[in-house]
Amino acid sequence: MSVTDQQPIVPAQFQSFLAFDFGLKRTGVAVGTRMLRSASPQGTIKAEGEAARFAQVAERIREWQPDALVIGVPYHPDGASHENTARALKFGRQLRGRFGLQVFEVDERYSTTEAIASGAKDADAASACIILEQFLRNLP
């Protein structure tokens, strides 16, 4: 990798993140910054199949130029993994491999339930916000 291929080092307080609440048919998206420790919902990606999904993910990454990515990883209430846990983890590995960005994983139990309970019009994007804000609250 040449010097021109490397991403510039951004001071930690200015880092931005793009978060995803992965789903087979819909993937919620949110953007946020470390400085504000808050997230804003973005339009949900409505795509089935990896090619269609990743084309839209690539567009969001080009648009927002995040320093890193955050994904929600679902678990059963007792913490056990299930089929969607494996799918979300695979999505995270694919993001890392395709875009070369650091990917952080967040336990997203109840994020969609919380988004729906809050009356969100786009529960997937609201869930991505909840995931990202949880991640941002836990940063040093």
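This is a predicted model: local features need pLDDT of at least 70, side-chain atom pairs count only at pLDDT 80 or more; totals for chains, interfaces and linings use all residues.

Residues are numbered from 1 along each chain as its sequence is written, and side-chain values use heavy atoms, with hydrogens and water left out.

The mean pLDDT, the predictor's confidence in each residue from 0 to 100, is 91 for the chain, and 94% of its residues reach 70 or more. Confidence is lowest in helix H3 (residues 111–117), with a mean of 90, and highest in S4, at 98. Helices (H or I, at least four residues) and strands (E, at least two) are DSSP runs, numbered from the N terminus.

I turn to helix H2, residues 83–99. Its 17 residues reach 24 Å from the first C-alpha to the last, close to the 24 Å expected at 1.5 Å a residue; the expected span is 1.5 Å times one less than the number of residues. Which residues of H2 are buried? They are Thr85, Ala88, Phe91, Gly92, Gln94 and Leu95, where buried means under 20% relative accessible area, exposed over 50%, and partly exposed in between (1.4 Å probe, protein chains only). These buried residues pack against strand S1 (16–21), helix H1 (50–64), strand S4 (68–73) and strand S5 (102–107). Just after H2, Gly100 adopts a positive phi of about 65°.

Arg98, also in H2, counts as partly exposed because its relative accessibility is 48%. Beyond neighbours within four places in sequence, Arg98 is in contact (heavy atoms within 4.5 Å) with Glu50 and Phe54.

Next, salt bridges: a side-chain nitrogen of Lys or Arg within 4 Å of a carboxyl oxygen of Asp or Glu. The whole structure contains 6. In one of them, Asp124 meets Arg26 at 2.6 Å, N to O. Asp124 lies in helix H4 (residues 123–137) and Arg26 in strand S2 (residues 26–33), so the pair ties together parts 98 residues apart in sequence. Asp124 is buried at 12% relative accessibility, whereas Arg26 is partly exposed at 42%. Arg109 pairs with Asp107, their closest N and O atoms being 2.5 Å apart. Salt bridges that share partners also join Glu50, Lys90 and Arg98 into one network.

Finally, Phe14, Met35 and Leu36 form a nonpolar surface patch with about 350 Å² of accessible area together. Patches comprise residues with over 30% relative accessible area and no salt bridge, like charges being joined within 9 Å and nonpolar side chains (Val, Leu, Ile, Met, Phe, Trp, Tyr) within 5 Å; areas come from the Shrake-Rupley method with a 1.4 Å probe, and for residues only the protein chains shown count as cover.
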